[in-house]
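Dear colleague,

Please find below the sequence and structure that I am handing over to you. My notes follow directly after them.

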Amino acid sequence: MIKSNLAVLLAERKMRVADLVKETGINKSTLYKLYNDESVRIDFETIDKICLALDVGVGDLLIYKKEQ
């Protein structure tokens, strides 16, 4: 299972989803779904914009956890 680490990354930077929306131009609902780990798919372009804005790699944003 792939999990989003966006909530942790934003908390570490003392940022809100709204701040990331302004910086990236990504739709608010898309970021909220990712923030709340409710996304079922995500575009490469979206991943790229988030990684660039937060200065992180894909492995920092998305984490793979084995299902039990």
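The notes below begin with the chain as a whole and then turn to one residue, N5.

Please bear in mind that this is a predicted model. The protein chain contains 5 helices and 2 strands. Read from the N terminus, these elements follow the order β-α-α-α-α-α-β.

As to overall dimensions, the C-alpha trace spans about 35 × 20 × 20 Å along its principal axes. The radius of gyration of the protein chain is 11 Å, which agrees with the value near 11 Å that a compact globule of 68 residues would have. Of these 68 residues, 28% count as buried. Where contacts link residues at least 6 apart in sequence, 62% of them join residues at least 24 apart.

N5 sits in the loop that lies between strand 1 (2–4) and helix 1 (6–12). Its relative accessible area is 16%, and N5 is therefore buried, the cut-off being under 20%. Leaving aside residues up to four places away in sequence, N5 touches D60, L61 and I63. With D60, a polar atom of the N5 side chain lies 3.1 Å from the backbone oxygen.

With kind regards

Key:
Residues numbered from 1 in each chain as written. Predicted model: local features only at pLDDT ≥ 70, side-chain atom pairs only at ≥ 80, totals over all residues. Heavy atoms only, no water. Helix = DSSP H or I, 4+ residues; strand = E, 2+ residues; numbered from the N terminus. Rg over C-alpha atoms; globule rule 2.2 N^0.38 Å. Buried < 20%, exposed > 50% of the residue type's maximum accessible area, 1.4 Å probe, protein only. Contact = heavy atoms within 4.5 Å. Polar contact = N/O pair within 3.5 Å; in protein donor to acceptor, adjacent residues only side chain to side chain.
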